[in-house]
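Here is a short briefing on a two-chain model. Read it with the sequence and the structure side by side.

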Amino acid sequence: MFSSLMLVSLLMLTLPIMSSIFNTYKNSTFPHHVKNTISYAFITSLIPTMMFIHSGQETIISNWHWMTMQTLKLSLSFKLDYFSMIFVPVALFVTWSIMEFSLWYMHSDPYITRFFKYLLTFLITMMILVTANNLFQLFIGWEGVGIMSFLLIGWWYGRTDANTAALQAILYNRIGDIGFIMAMAWFLFNTNTWDLQQIFMLDPNLTNLPLLGLLLAATGKSAQFGLHPWLPSAMEGPTPVSALLHSSTMVVAGVFLLIRFHPLMENNKTIQSLTLCLGAITTLFTAICALTQNDIKKIIAFSTSSQLGLMIVTIGINQPYLAFLHICTHAFFKAMLFMCSGSIIHSLNDEQDIRKMGGLFNAMPFTTTSLIIGSLALTGIPFLTGFYSKDLIIETANTSYTNAWALLMTLIATSLTAAYSTRIIFFALLGQPRFLPLTSINENNPFLINSIKRLLIGSIFAGFFISNNIYPTTVPEMTMPTYMKLTALAVTILGFTLALELSLMTHNLKLEHSTSVFKFSNLLGYYPTIMHRLPPLANLSMSQKSASLLLDSIWLENILPKSISQFQMKTSILISTQKGQIKLYFLSFLITLTLSMLLFNLHE
Amino acid sequence: MLKIIIPTIMLMPLTWLSKKNMIWINTTTYSLLISLISLSLLNQPSNNSLNFSLMFFSDPLSAPLLVLTTWLLPLMLMASQHHLSKEPLTRKKLYITMLTMLQTFLIMTFTATELISFYILFEATLVPTLIIITRWGNQTERLNAGLYFLFYTLMGSLPLLVALISIQNLTGSLNFLLIQYWNQALPDSWSNIFLWLACMMAFMVKMPLYGLHLWLPKAHVEAPIAGSMVLAAILLKLGGYGMLRITTMLNPQTSFMAYPFLMLSLWGMIMTSSICLRQTDLKSLIAYSSVSHMALVIVAVLIQTPWSYMGATALMIAHGLTSSMLFCLANSNYERTHSRTMILARGLQTLLPLMAAWWLLASLTNLALPPSINLIGELFVVMSSFSWSNITIILMGANITITALYSLYMLITTQRGKYTHHINSIKPSFTRENALMALHMTPLLLLSLNPKIILGFTY
């Protein structure tokens, strides 16, 4: 009952894809059909989740034996444990809202059915990823979400920027995939299995290499420092794509992978501190980048990246369950923030610059409300959704024996979260309107209102429900000094007030010369400037000049074919030229004849 | 086996006796029927071979390649129709005859029991291919390409003849079925090193090994579509097949002789992939991508573990279908824009959306998206090379990344972006072309359901 209902809700998702075989998808109801299917799948998946919360029974089901090679058996198997059971309904709920939002956002797109099919395919691959019980199946989902993100980022394929961003996403993800493949190879080599439970049961020693591989994979997929630039670039895609892929589902896949592998990770201190530092750098760096951006979607993208860094920090302090809680709560408000920004962008005729907004609280009261609540939830204001995970994470980090530097970075990033959230609110919503006066603003579409409303309720209550209903897995720190309890709140309030004061103070000031700090933040720490110029240039000129021209067209051509033909040509010219020296020719003929005669006669 | 070979030979009279409007449909249908007959060979009940006669046999290693060969003839015929539409009837018939002849030779090569008949047929395949390239290629460079093609492969394979004669003297038999029971190690001597080189170089040139690959991009670029298809899909696999067969008797030598070739392949894999990043010529890009994929096969064969053999076989089949499909797609672009330059075909997605879907699928299989059989092949090769030496993962990983990059670069340049004005009035895609792509794609997708049939010996 438990597992079959879960499978039913997963299988349900494939029905609209299947139906495209029979011409039904061509009519205009296909998007609605997809949306309804997802809502049914969500409701169906609630039943097994409830049963799971009630009984705490984890299951692994193996369905279809795919193949056996030597000692490795590969089958289609699903792991219905704590993580997948909680994440599936959350992801379905968020996707349901986003699909409804897309009905409004993409209504004028001629290929809206294809868009929905892509979104649905993405959702299916994501479900494969979270429920997979063996590494190969996980890899199918892992690559699947990557490719679907390529297709969805490049949705407006006529635009060069969209294509570049799509390619960039694939490139960074592929670098991460090297790590994944290495981990797969290592596990195959050392544990002779790809099944998760068998790997954990064998508990191999010296796990530095595979865990480094998995960390690299997570770095690529979850846009951690070093492989982060694709996430802000991915904002070239349509806003529903950003809301679904680049905030709530795909980008958390890396964190999810590390959570899946925590049984190995919790014994490896080296990898843990590496993870901690990586997360801390990411969360601070991307928060700094977010501070000075003017594109509303970019700010939210950087804030996503920063929150992903926070999740990685949580894994670094060995609290995978908290990281998972943050994934779930983050999905609600971050998807909603993207949808609110989509609503604003759509209403202002595709204007994304927050400097050209302002005063929207009059024109778009509902979007304003949602955006503010989302931002507050993001900063972890008490009793909104974000509070239940974020506050817990920072408290745990505060009270654990951990790297003080990483902790400090995280705290600063937390404070900056409040600062850039203030900036969005201040510039986009408050003050005087700065957009064109003839813009027709209308947010009274039921698709828009309902979808945001659903996530709005989620952003207020979901954290409470989730954290109250799941059984405690690790005992949280119950006692701590008051100042530690209040640290998270204090830094957040500090961020809010500072940002507000600074914004008010500098509102009418003109920036004469950009300071170097401003440049650093605005140009994303010079990272894209350097990394997207030098290595590709070096690489491409290497392939052109050395691989293609020098080696292929010159050396390899000259060494074998050309030199041989040259040699033949030279010798044949040398030999075959008639010079009329008939005596010499006869002489050589005579010598040959005599020699052969001698040889034949004297042969024994 | 004769029930496949004789019908294939009979395709030639069929071609010549067919009426003018029936030559394509007749030959395509009958060759498709032949390929359906050959499908039964995929059912290999045991891990031993199916012996049909003294001359022919098939086992799990050769059966997938054989089926791929028979499968490809109807596809080549379908792909060539437009290209030959302006030719006189006799030449069309001659062209089909050449393809059929090549097919016959290939079938016999893959099923030959004796190494020497394998060798003769291996060489015989050169003749029709050469005629196809030099006679029906599009530009004058085709003659040069034909020269390169012929001389590289001939030079590589002549020492093999000598080596085979010497092996015949040594063992008294060149039978594949007997050789695998001949487990006597070759003595460690200079002459045996040369024996190893002579045996392997023929196939390495055919694969092609990096450094000896120059003939391949030239031949691929200049050949007509059917030539490119059969080159990429099957002729390169002859090399892999031969290596897999012959390494069994080169036993202790391979363990140390393999190093330079492994290094060259690993290095060449990166180099050729990087070349792909800078190609403007679509067919040349696909040709270099073939070199890079075949380097993986060479690595896998030289590592000599069961996993790597499985990976090599799977990768050969997967690459055969994928690269052939890419060549067909490139050809369909060429027939519309009359240029192989990628940038001239940009934005085609707007005009030919279904073709764009085929492009997408082909690019995705080329970059080995799971769970396609390309991934299974590549993954097995990566696994076995990782267990051979951990640091190869860096090169393999770099290659995986670059492969993804150039595949998608190809996709983006030809399909995405704004379309140019000179392609405003192009023909829509024909049902024939869509059927052609579907016939490439369906086996790829279906095989991922049960990859075991193309894994060769699963031990």
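How much of residues 132–416 of chain A is helix, and how far apart are the end C-alpha atoms? The span is 76% helix and 0% strand, with its end C-alpha atoms 36 Å apart. Helices (H or I, at least four residues) and strands (E, at least two) are DSSP runs numbered from the N terminus.

This is a predicted model, in which local features need pLDDT of at least 70 and side-chain atom pairs count only at pLDDT 80 or more, while totals for chains, interfaces and linings use all residues. Residues are numbered from 1 along each chain as its sequence is written, chains are lettered from A and ligands numbered from 1 in the order in which they are written, and side-chain values use heavy atoms, with hydrogens and water left out.

**Chain A overall**

- Chain A has 26 helices and two strands.
- Its C-alpha atoms fill a box of roughly 115 × 65 × 60 Å along the principal axes.
- Of the 604 residues of chain A, 58% count as buried. Buried means under 20% relative accessible area, exposed over 50%, and partly exposed in between (1.4 Å probe, protein chains only).
- Take the contacts in chain A between residues at least 6 apart in sequence: 81% of them join residues at least 24 apart. Contact means heavy atoms within 4.5 Å.

**Annotated spans of chain A**

- An unreviewed UniProt entry annotates residues 132–416 of chain A as "domain: NADH:quinone oxidoreductase/Mrp antiporter transmembrane". UniProt positions are given in the numbering used here, feature names are shortened, and annotations may be inferred rather than shown by experiment.
- Residues 66–116 of chain A carry the UniProt annotation "domain: NADH-Ubiquinone oxidoreductase (complex I) chain 5 N-terminal", also from an unreviewed entry.
- Residues 66–116 of chain A are 57% helix and 25% strand, and the end C-alpha atoms lie 30 Å apart.

**The interface between chains A and B**

- In chain A, 48 residues are in contact with 59 residues of chain B.
- The two chains bury about 4,800 Å² between them, with 74% of it on carbon and sulfur atoms. Buried area is the accessible area (1.4 Å probe) that two parts lose on being put together, summed over both.
- A:Gln70, A:Tyr157 and A:Arg174 supply 14% of the area that chain A buries against chain B, more than any other three residues.
- Eleven residue pairs, both at pLDDT 80 or more, are in polar contact between the chains. A polar contact is a pair of N or O atoms within 3.5 Å; within protein, one must be able to donate a hydrogen and the other to accept it, and residues adjacent in sequence count only if both atoms are side-chain atoms.
- On the side of chain A that touches chain B, strand 1 (59–69), helix 5 (135–153), helix 6 (160–191) and helix 25 (534–576) each supply at least two residues.
- That side of chain A has 33 nonpolar, nine polar and six charged residues. Ala, Val, Leu, Ile, Met, Phe, Trp, Tyr, Cys and Pro count as nonpolar, Asp, Glu, Lys and Arg as charged, and the others, Gly among them, as polar.

**Salt bridges**

- The count over all chains is 13 salt bridges. Each is a side-chain nitrogen of Lys or Arg within 4 Å of a carboxyl oxygen of Asp or Glu.
- One salt bridge is counted between chain A and chain B. B:Lys218 and A:Glu557 meet in a salt bridge, N to O at 3.0 Å.
- A:Glu557 also forms a salt bridge with A:Lys562, with the closest N and O atoms 4.0 Å apart. A:Glu557 is buried, at 8% relative accessible area, whereas A:Lys562 is partly exposed at 41%.
- B:Arg245 pairs with B:Asp59 at 2.8 Å in a salt bridge. B:Arg245 is in helix 11 (residues 225–246) of chain B and B:Asp59 is in the loop between strand 2 (57–58) and helix 3 (62–80), so the pair ties together parts 186 residues apart in sequence. Both residues are buried.
- A:Glu143, A:Arg174 and A:Asp177 are linked in a salt-bridge network.

**Buried residues**

- A:His246 sits in helix 10 (residues 239–248) of chain A and is buried at 0% relative accessibility.
- B:Tyr95 is in helix 4 (residues 89–111) of chain B and is buried at 0% relative accessible area. Its side chain makes a polar contact with the side chain of B:Ser80 (3.4 Å).
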